[in-house]
Amino acid sequence: MKIAELHFGAVWPVHVEGFIRLLSGLRQVFDGDLDSVLILAVVGSAVLPRDRLPKDLAYEDFLTGESRRNLVTPLNTHSISQITGISRESVRRKLSKLQKKGWTVRDNRGHWAIGDEARSQLHPVTDMSMEYLSSVVQAFDKARSR
């Protein structure tokens, strides 16, 4: 049995409540466009690839940006479309809107990355993500300690 299944009664309510709060916050910040949330998340995942992310990376270090300079994986519009299942043209349009806000940047090879404005302007929803994750982890910890 998987850990989430084993502790379902303790974790599920915390997850649902936090997930609703997080999605509602994201929806508001992104003007109802959850596809843009997904696209930006994919671009962000190329900045912090899980296979090369330092296990001891603290949230504060992440916010400064210093720790991720050598982690970036090149990601183009076509790749984002394939990963998300959103049409290439829709991805291109949404990336263009995100770029105008300074939330994404594109290099001369067509690779996308998170823009500097994203870090500052999306800080409140990034904090919401951290609160969501923390609440789920705490629910697991409480359930396992019983």
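What share of the 146 residues in the protein chain is buried? Buried residues make up 34%, where buried means under 20% relative accessible area, exposed over 50% and partly exposed in between, with a 1.4 Å probe and protein chains only.

**View 1. The whole predicted chain.** This is a predicted model, where local features need pLDDT of at least 70, side-chain atom pairs count only at pLDDT 80 or more, and totals for chains, interfaces and linings use all residues. Residues are numbered from 1 along each chain as its sequence is written, and side-chain values use heavy atoms, with hydrogens and water left out. The protein chain has 8 helices and 2 strands (DSSP runs numbered from the N terminus: helices are H or I with at least four residues, strands E with at least two). From the N terminus, they run α-α-α-α-α-α-β-β-α-α.

**View 2. Confidence along the chain.** The average pLDDT, the predictor's confidence in each residue from 0 to 100, is 90 for the protein chain. Helix α4 (residues 59-64) has the lowest mean, 75, while helix α6 (residues 88-100) has the highest, 98.

**View 3. Gly25 and its surroundings.** Gly25 sits in helix α2 (residues 8-29) and is buried, at a relative accessible area of 10%. Setting aside neighbours within four places in sequence, Gly25 is in contact with Val125 and Met128 (contact means heavy atoms within 4.5 Å). Arg109 is 84 residues from Gly25 in sequence and 33 Å from it in space, C-alpha to C-alpha.

**View 4. Leu23 in helix α2.** Leu23 is also found in helix α2. Its relative accessible area is 30%, so Leu23 counts as partly exposed.
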